[in-house]
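Open the structure in your viewer and keep the selection tool at hand. The stops below say what to select and what is there.

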Protein chains: 2
Amino acid sequence: MEAERHRERIARCTALMRESGLDVLLLTKPANMTYLTGDGRLCAYAMVTRDGVVALGVPVTDVADVSALAVFDQIVGFDDEVGMIHSIAHYFQELGFEQGTVGLENTFLNGAMRGVLTHPHAKPAAVEAKDCTQVMTQLRIVKDDEEVALIRAAGGVAASGMAASLAAVRPGVSESEIAGAGEYAMRRAGAEEFYRSYVSSGRRTSIAHGLPTTAKVKTGDLVMIDLHPVVDGYGADICRTVCAGQPDAEQEAAYDVYLGALQATIAKVKAGVEMGELEDTMHGVMRDAGHEDHIFGPPIHGVGLDFEEAPLPAGHAFFHGEAAPPPLAANTAIAVGNCGLYAGPWGIRVEDTVIVGAEGAELVTAFRYGLTV
Amino acid sequence: MEAERHRERIARCTALMRESGLDVLLLTKPANMTYLTGDGRLCAYAMVTRDGVVALGVPVTDVADVSALAVFDQIVGFDDEVGMIHSIAHYFQELGFEQGTVGLENTFLNGAMRGVLTHPHAKPAAVEAKDCTQVMTQLRIVKDDEEVALIRAAGGVAASGMAASLAAVRPGVSESEIAGAGEYAMRRAGAEEFYRSYVSSGRRTSIAHGLPTTAKVKTGDLVMIDLHPVVDGYGADICRTVCAGQPDAEQEAAYDVYLGALQATIAKVKAGVEMGELEDTMHGVMRDAGHEDHIFGPPIHGVGLDFEEAPLPAGHAFFHGEAAPPPLAANTAIAVGNCGLYAGPWGIRVEDTVIVGAEGAELVTAFRYGLTV
C-alpha cells in the first residue's frame with residue numbers, strides 16, 4: 001500500500017521528466033527523496049530515471065534501515081564522500097546515461113554539495129545538469145488524502161505546543177524558555193521534529209524574523225510565538241501574539257485589524273482562488289485600516305514536507321526558484337498570516353494553516369485568538 | 001569594546017581579502033556576518049570592502065534592532081527581495097565597485113540565493129564573483145578569549161541538556177521526547193538556540209545520522225543522544241550512549257573500546273598537533289580492537305559559530321569546500337568523537353568538545369561517561 005503510493009508518485013514524476021526533457025534526477029533534498037521513495041535522510045541520494053527506476057545511495061551503516069523504509073530498485077552503501085561520488089558514477093553507467101540531462105535541485109544545493117554531485121568522477125562530462133525544482137514542485141503541490149491527514153495531525157500538535165508556550169509566558173521568563181516549553185510539548189504530543197521556533201518579545205516583536213534570545217519578558221510586553229511541528233514528515237505552521245499583562249488600546253486595535261485581515265483571507269480560500277487575490281485581501285484590510293506602512297512579508301506560503309514550500313506568492317516565488325503559482329487546487333495546504341503588522345515599538349502576527357477545499361478552507365491549527373494569555 | 005573587537009576582525013579580514021584578490025565581500029551567512037559585525041540574521045547581507053567599509057542591508061522592520069547590535073558604516077532597510085537587489089546595486093555603485101571581484105560564500109549559497117546576489121540588477125556585470133569560503137575560515141578558525149568563554153558556557157549548557165535527556169531515558173519513552181527534555185533544559189540553562197538534536201534507540205543507533213523519531217525505547221535498548229546548544233552564537237557538541245536496562249558484555253566491551261579511543265585522542269590534543277594524527281589515533285584504537293569494519297564518519301570537526309566548521313579532517317574538508325587543515329593552533333575548538341562504532345544491531349558514539357591549549361586540551365563538555373543511565 002505504502003509502496004503502491006510511492007510507485008504512483010514515481011510514475012507521475014517520470015511523465016513530468018519527459019515533459020521537461022530530463023533523463024534522470026539526482027536528488028539529495030530530504031523532502032523530495034521522502035516524497036518519491038518514503039525515506040529522505042542526510043548524506044544520501046536518490047536517482048530516478050525517466051523509466052521509473054530508482055537507485056539509492058546511503059551511508060553503509062544505513063542500508064538495512066533504509067531498506068525497511070524506502071521503495072527502490074537498487075541500493076548501495078558508501079563509506080565516505082569519495083565512495084558516494086564513485087557510486088553515483090557507477091549508477092550513471094549502470095543505468096545507461098553517458099549523455100543526456102540530469103535534474104539537480106538548484107534551489108537546494110549549495111556550491112559544495114553541487115560540486116560533489118557534478119564532480120568529474122561522479123557525473124559523465126556529456127551529461128548536462130539542469131534544474132528540476134519545478135518538476136518536484138508540480139509533483140508535491142497538491143496533497144493526497146494521507147498527506148492531508150498528516151498535516152491535520154501536525155496542526156493538532158501545533159495547538160498543543162502553542163498551549164504550552166502560552167502557559168510559560170510571564171514576566172521574567174526568557175524568549176528561549178517560552179520556545180522550549182512549546183517544543184517539548186510538541187515532541188510529547190507526537191512530533192518527531194520541528195523547524196526553528198520563533199519567539200520574540202517587546203520591541204523585538206517588530207523585527208521580521210524574531211528568533212528567540214535569552215531576553216526576558218517584561219510586564220506589558222507583547223510576545224510573538226511561531227511554532228512548526230513535523231509529524232511523520234509533514235508540517236503545520238501556527239503563530240500567536242499575546243500580551244504579558246494588559247495590552248493598550250492601540251495594541252488591541254491593531255490586533256483586531258490583523259485578525260480581521262486573517263479571517264477575511266481565510267474566508268476567501270477555496271479551490272480555484274488565485275494566491276494574488278488572497279494576498280491582496282490580507283494586505284488590503286491592513287491598508288484600509290491605515291497600516292499600509294506597517295506590512296512586511298508575503299502573507300502566504302505552502303505547507304507540506306518543507307517548512308515553506310510552493311505555492312508562494314508570485315513575487316516571493318521568483319526568488320525561491322519557484323514559478324508563479326497556479327490557482328489553488330483542492331488539497332493544497334497553505335499557511336495564512338506569514339506577514340506581520342509592524343507598528344514600530346511592537347508587532348503583531350497571527351498565522352494558521354489551512355487545507356484548501358472545494359467550497360472553503362479547513363483550519364488545521366485550531367487554537368484560540370486574542371491578546372490575553 | 002565590542003565595536004573594537006569587530007573593527008580588529010574587519011582589519012584582519014581586509015588583509016586576507018588583499019592576499020586573495022578580493023575587492024569586496026557580499027556575505028549572507030549568519031555566522032560570517034556575526035563574526036565581522038556582531039549581528040547575523042536571516043534575509044540580510046553585509047558588504048565589506050578591502051578598505052574596511054561595512055555596509056548592511058536588512059529588512060526595513062529590522063533597522064533599529066540591527067543598529068543597536070552591529071558594527072557598520074552604512075545601513076539600508078528593504079521592503080522585499082526586489083528592494084534587497086536594488087540596495088545591493090546601490091552599494092556597489094556607492095562603494096565604487098563597477099569592476100573587480102566580489103567574494104561570495106559558495107559553500108553556503110544555494111542556487112536561488114546565489115541568483116539573488118548575482119542578479120543583473122544587483123551585481124555589476126564586470127564584477128567577477130569568486131569564492132570567499134577560505135577567507136572566512138582563516139579568520140574564524142582560531143578563537144579569541146571571549147569566543148572561548150562562550151564555547152565554555154555552551155559546554156556547561158550541553159551538560160545540563162545531557163543530564164535532562166538521560167533522566168528521561170526509560171522504556172516506553174519516545175526518542176523525540178528524550179530529545180525534547182534535553183532541548184528544554186538547554187533553553188532554561190541559557191541557550192538561545194540549538195542545532196538539530198540526534199536521538200536514536202535500539203537498531204537505529206547503528207545509522208549514521210540518528211535523528212529522533214516517535215519510536216519508543218525498549219528495555220535493553222542502547223540510546224544515543226547528541227546535543228548542540230548555542231549560547232550567544234557559539235556552540236558545543238556532546239554525545240553520550242546509554243543503555244535502557246542492562247547492557248550485554250559485547251556492548252560493554254565496545255563501549256570501553258570507544259571511550260578508550262576518545263580519551264587517547266583527547267590526550268594527544270595540544271597546539272601543533274596535526275588533525276590527521278588525531279584521526280589516526282581515534283580510528284587506530286578502534287581498528288586495533290577489531291572494529292575496523294565498524295568505523296563510520298570523520299572523528300573530529302571544528303566548533304564555533306557554526307554547527308560544524310573548520311578544522312575538518314583533510315578528506316572531509318574537501319567536500320565541504322574547506323582546505324586541508326593546518327596543525328591545530330591554541331584556542332581552536334574541536335569536537336572529538338564524531339565518528340561512531342557501528343556494530344550492526346547497535347552503535348556507540350561518545351563525543352566531547354575541547355579547546356586546544358599550548359600543553360593539552362581543556363574539556364568543555366564535562367559530563368560522566370558510562371552505559372548506565
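Select the contact between the two chains: 46 residues of chain B and 46 residues of chain A take part, two residues being in contact if their C-beta atoms, placed from the backbone, lie within 7 Å. On the side of chain B that touches chain A, the elements giving two or more residues are α5 (111–117), α8 (175–188) and α11 (314–319) of chain B. Helices here are DSSP runs of H or I with at least four residues, and strands are runs of E with at least two, numbered from the N terminus. α8(B) gives the most to this side, nine residues. Colour this side of chain B by class to find 19 nonpolar, 15 polar and 12 charged residues; Ala, Val, Leu, Ile, Met, Phe, Trp, Tyr, Cys and Pro count as nonpolar, Asp, Glu, Lys and Arg as charged, and the others, Gly among them, as polar.

This is a predicted model, in which local features need pLDDT of at least 70 and side-chain atom pairs count only at pLDDT 80 or more, while totals for chains, interfaces and linings use all residues. Residues are numbered from 1 along each chain as its sequence is written, and chains are lettered from A and ligands numbered from 1 in the order in which they are written.

Chain A has 11 helices and 19 strands. Its C-alpha atoms fill a box of roughly 70 × 40 × 40 Å along the principal axes. Of the 373 residues of chain A, 55% are buried (20 or more other C-beta atoms within 10 Å of the residue's own, C-beta atoms being placed from the backbone). Among contacts in chain A with a separation of 6 or more, 67% come from residues 24 or more positions apart.

How values were computed:
Buried ≥ 20, exposed ≤ 12 C-beta atoms within 10 Å, placed from the backbone.
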